[in-house]
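These are my notebook entries on one structure. I set down what I looked up, entry by entry.

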Amino acid sequence: MPTFSLDELSAKLGETYEGDGALLLHGVAEITTAKEGDLSFVANPKYIQNIPDCRASALIVHKDLETDFRPVIRSINPYLTFTRALTLFHQDDRKIARGAHSTSQIAESAQLGADLTVMAHAIIEERAVIGDRVVIYPGVYIGSGATIGNDVTLYPNVSIYDGCVIEDRSILHAGCRVGMSTGEIPSEGPPPVKLEADVELGANVVIAGSPQPPTVIGEGTKIDNLVQVGAGAKIGPHCIIVAQVSLGDHVTLGERVTIAGQVVVSPGLTIGAQSQIGAKSVVIEDVPANAAYWGVPAQPHREEKRLKANLARMPRLFEKIRSLEERLSGIEE
């Protein structure tokens, strides 16, 4: 892991700092576990109370936060700045071997970029195009005519089906399947699946392919483990999709949508930009932009909370009704 001075790191992050610019930082950690040499952050107000006990050497804080802790890096969005710092500290963690392992199989017609790493038993089919500094772990399969951009990392047993496009700096964790389709994908025309730059897929994510229209995952989107994305889906840039979500065919997500774990979205629906879907919800109708939906079926969060509150009152209501029935029965007798 690299080491940065506070001055150097702040410059790379594009943020201002207060304190000793020569201070050396060796890693990153959460505020309650950070130790000397670590960089930590405070984004949620409830963690401000932990600052006096923090053992980190430096903190990323909101630009307007009043604190005596030094050194600090000030940011309008501490969480985003910390995420960028994570990338800087861990950018060299990939296993780099350079060159192709003797057990890998690479078609003669494949186009290979510079500084390529291909590990054991990886397969690259004909006409595939591989960019510079790509790292391909053992057991990866890259289909015919697939395109892999620069600085992409494909972890063990990832499968990229024929004609799919993975753009620069994307990361696919172990077991991902990109381009799976129940029908035949034409050899010409748009790619069945396109992952734009800086997309990250967790382990065992399945992205189904469709040429009409293609399945598209927008720039910077992060998808957690065990997620299913249906054919023809269009996910906007910078979305967050948590584990075990199922998106039906031709679902559309606007930019910066957040979907919590175990959500099901029915085929053909649209979720507007910057909306949030709560965990274990089932979405059966379109969701407008800037909305928060929860429940089964999913509905505006305020309505869903009101419904839950009313359900909690039901036992007492039943008791009142029973008492009234008994009193009325006594009067009738």
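**Entry 1: V152**

The model is a predicted one: local features need pLDDT of at least 70, side-chain atom pairs count only at pLDDT 80 or more, and totals for chains, interfaces and linings use all residues. Residues are numbered from 1 along each chain as its sequence is written, and side-chain values use heavy atoms, with hydrogens and water left out.

I placed V152 in the loop between β16 (147-148) and β17 (153-154). Helices (H or I, at least four residues) and strands (E, at least two) are DSSP runs, numbered from the N terminus. I also checked V152 against I136, which is 16 residues apart from it along the chain, and the C-alpha atoms of the two are separated by 8.4 Å.

**Entry 2: positive phi**

I noted that N157, although not a glycine, has a positive phi of about 65°. N157 sits in the loop between β17 and β18 (159-160). With a relative accessible area of 43%, N157 is partly exposed.

I then turned to H250, a residue other than glycine with a positive phi near 60°. The loop between β30 (246-247) and β31 (252-253) holds H250. H250 is partly exposed, its relative accessible area being 38%.

**Entry 3: cis peptide bonds**

I recorded a cis peptide bond from R70 to P71, with omega near 0°. P71 belongs to the loop between β6 (58-62) and β7 (72-75). I recorded another cis peptide bond from V296 to P297, with omega near -5°. P297 is in the loop between β37 (292-294) and β38 (299-300).

**Entry 4: the chain as a whole**

I read the secondary structure of the chain as 3 helices and 38 strands. Of its 333 residues, 41% count as buried. The C-alpha atoms fill a box of roughly 95 × 60 × 30 Å along the principal axes. The radius of gyration of the chain is 25 Å, whereas a compact globule of 333 residues would have one near 20 Å; the radius is taken over C-alpha atoms, and the globule rule is 2.2 Å times the number of residues to the power 0.38.

I last looked up contacts (heavy atoms within 4.5 Å). Among those in the chain with a separation of 6 or more, 19% join residues 24 or more positions apart.

Technical notes: Buried < 20%, exposed > 50% of the residue type's maximum accessible area, 1.4 Å probe, protein only.
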